[in-house]
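This briefing covers helix packing, a few loop residues and backbone angles. Please read it alongside the sequence and the coordinates.

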Amino acid sequence: MAHVIAIDGPAASGKSSTARAVAEALGFAHLDSGALYRGVTLVALEHGATPGAPLDANAILLEAERRGLSLLYDGTGFSVYLGGEPADEAIRSAPVTGMVSAVSAVPEIREWVNERLRALPGAGQPVVVDGRDIGTVVFPDATLKVFLTASPRTRAARRLTQRGQAVGDAELAQETSLLAARDAADSGRPVAPLRMAEDAVPLDGTALTFAEQVAEIVDLARARMTRPG
Ligand code: CDP
């Protein structure tokens, strides 16, 4: 199996952008596991799933396969495609964000996603993977595991800025509570909850610049890869 750098952490901790930059620095491919959960959620919503109602995992996964939901390499990382088109924008919509925690709590859906994630380093492609359970469940033997956090306010401010929204007190309070609800759902679920692997390196990015955060992980990864034995 090729090298795997696992970056886990709560919503809006900067995992995906950090993972992409780390991958670029190391010459690895970036793999955003949350994007695939979002892709399945988009299929579920388009297939008639409604928040709060029971989910038919088999029907959703059959539909996902029928519509060719997949990860395709774009030169730096893997992007989600649906029906032969990139789905980056559609998978970040508010309805998808509102339902993704419920969809990703279903064990059959997690197995389907995990199988696709494991296939890539399994075929020899070194990757930087970000998510919630990458170091604990998907790649327990990863070369390096990082648990990336930042204070809830910092995360909320980053998410608002990323969307081009104002960062006022009211917006910050609302975004902080949406993130807190998703963190609680992701940490409290019985299957593959968000938690730090015992052998992960904790990294609090609250006081770090983006470049410092990336450099720290790249250094850790290089040190692990050159370690004898
Ligand atoms: O919004 P953010 O970028 O932080 O989240 P994401 O990485 O796009 O993941 C969206 C959702 O997918 C999370 O809130 C989790 O419910 C779920 N997820 C998961 O359960 N396991 C993963 N490895 C990755 C994401």
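**Helix packing and selected loop residues**

The crossing of H4 and H8 is left-handed, a term used when the near helix is turned anticlockwise from the far one by less than a right angle, with clockwise being right-handed. The model is predicted, so local features need pLDDT of at least 70, side-chain atom pairs count only at pLDDT 80 or more, and totals for chains, interfaces and linings use all residues. Residues are numbered from 1 along each chain as its sequence is written, and side-chain values use heavy atoms, with hydrogens and water left out. Helices (H or I, at least four residues) and strands (E, at least two) are DSSP runs, numbered from the N terminus.

**H4 and H8**

- Helix H4 spans residues 94–103 and helix H8 spans residues 169–188; their axes are 9 Å apart and the packing angle is about 20 degrees. Axes are lines fitted to C-alpha atoms, for helices over the stretch in contact, and angles run from 0 to 180 degrees between N-to-C directions.
- H4 and H8 are therefore roughly parallel (angles under 35 degrees; over 145 is roughly antiparallel, 65 to 115 roughly perpendicular and the rest oblique).
- On the H4 side the contact (heavy atoms within 4.5 Å) involves Thr 97, Val 100 and Ser 101, which meet Arg 182, Ala 185 and Asp 186 of H8.
- These contact residues of H4 and H8 comprise two nonpolar, two polar and two charged. Ala, Val, Leu, Ile, Met, Phe, Trp, Tyr, Cys and Pro count as nonpolar, Asp, Glu, Lys and Arg as charged, and the others, Gly among them, as polar.
- Val 96, Met 99, Val 100, Ser 101 and Val 103 of H4 are buried (under 20% relative accessible area; exposed is over 50%, partly exposed in between, with a 1.4 Å probe and protein chains only).
- The cover over the buried residues of H4 includes helix H2 (33–46), helix H5 (107–122) and H8.

**H3 and H5**

- Helix H3 (residues 57–66) packs against H5 with axes 9 Å apart, at an angle of about 30 degrees.
- That angle makes H3 roughly parallel to H5.
- From H3, Ala 57, Leu 61, Ala 64 and Glu 65 meet Glu 108, Ile 109, Trp 112 and Arg 116 of H5.
- The residues of the contact of H3 with H5 divide into five nonpolar, no polar and three charged.

**Arg 132**

- Arg 132 sits in the loop between strand S6 (127–131) and helix H6 (134–138).
- With a relative accessible area of 14%, Arg 132 is buried.
- Its side chain makes a polar contact with the side chain of Asp 186 at 3.2 Å. Such a contact is a pair of N or O atoms within 3.5 Å; within protein, one must be able to donate a hydrogen and the other to accept it, and residues adjacent in sequence count only if both atoms are side-chain atoms.
- Leaving out residues up to four places away in sequence, Arg 132 touches residues including Asp 8, Lys 15, Arg 182, Asp 186 and Arg 195.

**Other loop residues**

- Pro 54 lies in the loop between H2 and H3 and is exposed at 81% relative accessibility.
- Pro 54 and Val 103 are 49 residues apart in sequence, with their C-alpha atoms 9.9 Å apart in space.
- Ala 12, in the loop between strand S1 (4–8) and helix H1 (15–26), has a positive phi near 60 degrees without being a glycine.
- Ala 12 is buried, at 8% relative accessible area.
- Ala 192, in the loop between H8 and strand S8 (201–204), also has a positive phi, of about 45 degrees.
- Ala 192 counts as buried at 12% relative accessibility.
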